[in-house]
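Here is a short briefing to read with the model open beside you. Take the topics in any order you like.

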Amino acid sequence: MVSTPLLFESALPDRSTTTDLVTVVVPPLAGEYLYAFDSSAFPNLQTGDLIEVPFRRRVTQAFVLSVNSELERSSYEEMKKNSVAIKCIDEAKLYTRAFDQAHLPFYRWIAKYYVEPLSRILELAVPKPVLEKPLRTYSLVETKKQGDNTPSKFGKVQQTIVDYLAREPAPIEGSVLKKECSASAPTIRSLVTKGVIQEHVVSPEDLPLPTPTVAQATPSPLILNPEQQAATTLIANYLYDSSFVAGLLHGVTGSGKTEVYLSLIIDVLAQGKSALIIVPEIALTPQLTERFISRLQAPVAVLHSSLKPKERWRHWTNLVRGRVKVAIGARSGVFAPMHNLGLIIVDEEHDSSFKQGDGIRYNGRDLAVVRAQLSNCPILLGSATPSLETFHNARSGKYLYLPLTTKFFDAPQPDCTIVDLNKTKPWEMKSRNISPEFYQKLQETLERGDQAFVLYNKRGFASYLQCSCCEYVVGCPHCSVTLTYHKNENLGLCHQCNFSLLPPSVCNQCGATKHPTKEDTPLFTQRGAGTERVYDELRELFPNARIATLDRDSASTISDYVEILTNVRERAVDILVGTQMIAKGHDLPGVNFVGVVDCDVGLHMPDFRAGERALQLLTQVAGRAGRRTTTGAVVLQTRVPSHPSLIATAAHQYEKFADYELSMRQSLNYPPFQKILRIIVSASEKSTAQIKINTIAREIERLIQPLDITLLGPAPAPMEKVRTLWRFHLLLKGSTLSDIHRVLKIIKKAHPSTSAVRIAYDLDPHDML
Ligand code: ADP
Ligand code: ZN
């Protein structure tokens, strides 16, 4: 039911001869607008259509919310009484289905939760339509297929075409024929004229779906182990009842979570329903998509932002029309227009990429739970290291707790050693960053012919450059961060804004031009490390090993990434050095050693989730060691050896860590015990941003007096300047969503973001910098 009054675009006195009525939203506006429309131009216009409407002297895109409803009728009668005319839409320039009526409550829910106009949610959810021209496809005329051997005189190419089409079960696109048979348009046309082949004009949306090829045939059915079976049965009960439940599938990598997903999806499809799978970084895990397609033997829609607009729209349309029943997507996959949804799966549910970092800062995982609730279907959240929010929900009985406690192939957990770098003297180190223990384990691994992963979660060669005379550190002129030195390019690079600089030969601060004591030493000392430096050190220590790097510098595109991992899989690499990119779920059976050069990177960030993130990353990367039969080894180098995240990783004690961390969160009133809202103001003048945040804070102080909310700040953001903008922030903690919402609604309305002063309202924030 529409709660706000309908608006209208006034027209010249009654042009509307028709009395069919439609309500639309126009991105990015908040209003819902009433139009009359010409039903001959729009047969079957319905909720979820995307059309163009005349709006304030231009034509703009609009989403249809309802057609000929009672509210529309009564509004229209009212207007007629007052001799007001409304605009009529009489031309169907753009007219395509964007979503289904059944999805509207979900989109409305999101709008309400994040306090955004519905139109902006639809704009975010629905990909840009790419309307394609009709295609020509060709097939053999039936009689020819059945072996009519009337002698026809064919040229060589013509014969190739006839033979090609004889092998194909469905009509083939003209462009494919041209390519496969080296045919020209006139050659194809001549076969049509001769009555040998037939031409069909089809809409691209009706093209047959690609079917999985025989090479991907289903392996013999698997027998689930007792824990897998228990998890599957519990969820399946809700599936058959069409009722909501959320389950946490808590199992280490290799424990068989994906097999649980697959067996449930097979049940869902057998019931004629559809399944939605959401995973982080889907573009980086093509094997996962292949595994789903080959096991399900069903077409699968893939949704993520690295697809070409045309492909993305085709996948979307196939789902809207109910032609495809399985979708795999990244964060934005949560919006997928599934019909008759039977199950949602969120894999690696703890991953921070589910949270959108700008614009409408939604959380794809949290929205997936809401969607399951609205769709009356179960949702399964899988992880080896669940987010504390999800784990808390499972503990408190809100979610089902479904543990998988062992690796499927009975491999023991890797043997983890914590190396306390405080205790190793610099001259005892094998190189600047590699301790003797690390070196020895790595050497043993290479001698056995096994592979090793080395994690250093920072790219570049040195974290910063410092003047050897006055200690001045080279920073970015646009951001409040130091420039990371990249040796390969010989540049100081800003990891926030990509600003770069040749290492200076003169110090900006003291004017020095050379090192005070050493002749041939550069003025600027390289401090701290990065993947490039670790790579260099390993090269020197293991000159015969084949070493590769995997980070955003070495793998800037998806194909680079796939190529590097293929080399590792094919054993063309002995040691892979990289950032957190090496930790993502690749099943590489040759890897038997994982070394973390510095566990402390990121551990001391001013962020209440820093410890949780460290545990997740370390556990994830440690899980790469010894995936099949042999025991793997893990070495964790640190300067804080008693940190709970490290101890828990080394001892494989996630639950102990969760208990400790949850008690901390509870005493400090952080999520999952309280709701938080972060407001970030940024502007190019420092004082502008500061004045604005102070104004907002004063208003909030007044508003929260009768409410159970605490205000922290305002204060400069830890990352005080980014891309030339000065940033200030404040944090609200409240025990109920309704209190937080009350403040959010009032403040957001009074202080909208503008181009001069940007204001981000981040509900349930993940980024605290
Ligand atoms: P996860 O998703 O937890 O990392 P997977 O589902 O990928 O684990 O399982 C790990 C390995 O064990 C895979 O090679 C998978 O094919 C195999 N596996 C899992 N469950 C079974 C089963 N019930 N029968 C046979 N093989 C299984
Ligand atoms: Zn910068």
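Leu 662 sits in helix α19, which spans residues 654-667. This is a predicted model, and Leu 662 counts as buried in it because its relative accessible area is 8%, under the 20% cut-off. Between the C-alpha atoms of Leu 662 and Leu 288 there are 32 Å, for a separation of 374 residues along the chain.

- Gly 247 belongs to strand β11, residues 245-251.
- The relative accessibility of Gly 247 is 0%, so this glycine is buried.
- From Gly 247 to Ala 231 it is 16 residues in sequence and 8.6 Å in space, C-alpha to C-alpha.
- Lys 128 is found in the loop that runs between α3 (118-125) and β8 (135-140).
- With a relative accessible area of 61%, Lys 128 is exposed, because the cut-off for that class is over 50%.
- Lys 128 and Gly 511 lie 383 residues apart in sequence, and their C-alpha atoms are 54 Å apart in space.

**The zinc site**

- Which atoms hold the zinc ion (ligand 2) on the protein side? The donors are the SG atoms of Cys 476, Cys 479, Cys 494 and Cys 497, at 2.2 to 2.4 Å from the ion.
- Along the chain, these donors of the zinc ion (ligand 2) follow the spacing C-x2-C-x14-C-x2-C.
- Why is the arrangement around the zinc ion (ligand 2) called tetrahedral? The four donor atoms subtend angles of 106 to 113 degrees, and the class requires all angles to lie between 85 and 135 degrees.
- Cys 476 is buried, with a relative accessible area of 8%.
- Cys 479 is buried too, with a relative accessible area of 5%.

**The surroundings of ligand 1**

- How many residues surround ligand 1? There are 16, and the closest are Ile 223, Gly 254, Lys 257, Thr 258 and Arg 291.
- By residue class, the shell around ligand 1 divides into six nonpolar, six polar and four charged residues.
- Helix α9 (residues 257-270) supplies the largest share of that shell, three residues.
- At Ile 223, a backbone N or O atom lies 2.8 Å from a nitrogen atom of ligand 1.
- At Gly 254, a polar backbone atom is 2.7 Å from an oxygen atom of ligand 1.
- At Thr 258, a polar side-chain atom lies 2.5 Å from an oxygen atom of ligand 1.
- Ligand 1 taken alone exposes 560 Å², and the protein buries 83% of that area.

**Cis peptide bonds**

- The peptide bond from Pro 27 to Pro 28 is cis, and its omega is near 0 degrees.
- Pro 28 is in the loop between β2 (20-25) and β3 (32-37).
- Gly 713 and Pro 714 are also joined by a cis peptide bond, with omega about 5 degrees.
- Pro 714 is located in strand β30, residues 709-722.

- Asn 490 is not a glycine, yet its phi is positive, at about 50 degrees.
- You will find Asn 490 in the loop between β21 (484-486) and β22 (491-493).
- Asn 490 is partly exposed, with a relative accessible area of 34%.
- Arg 571 is another residue other than glycine with a positive phi, near 65 degrees.
- The loop between α16 (558-569) and β26 (575-578) contains Arg 571.
- Is Arg 571 buried or partly exposed? Its relative accessibility is 40%, so Arg 571 counts as partly exposed.

**Helix α2 and what follows**

- Which residues of helix α2 (residues 104-113) are buried? They are Leu 104, Phe 106, Tyr 107, Ile 110, Ala 111 and Tyr 113.
- As a general point for reading such a pattern, an α-helix has 3.6 residues a turn, so residues three or four places apart point the same way.
- After α2 comes Val 115, whose phi is positive, near 50 degrees.

Key. Residues numbered from 1 in each chain as written. Chains lettered and ligands numbered in written order. Predicted model: local features only at pLDDT ≥ 70, side-chain atom pairs only at ≥ 80, totals over all residues. Heavy atoms only, no water. Donors = N, O, S within 2.8 Å, 3.2 Å for Na, K, Ca; no water. Tetrahedral: all angles 85-135°; square planar, octahedral: opposite > 155°, others 65-115°. Buried < 20%, exposed > 50% of the residue type's maximum accessible area, 1.4 Å probe, protein only. Helix = DSSP H or I, 4+ residues; strand = E, 2+ residues; numbered from the N terminus. Near = heavy atom within 4 Å. Polar contact = N/O pair within 3.5 Å; in protein donor to acceptor, adjacent residues only side chain to side chain. Areas by Shrake-Rupley, 256 points an atom, 1.4 Å probe, with all protein chains shown as cover. Nonpolar A, V, L, I, M, F, W, Y, C, P; charged D, E, K, R; others polar.
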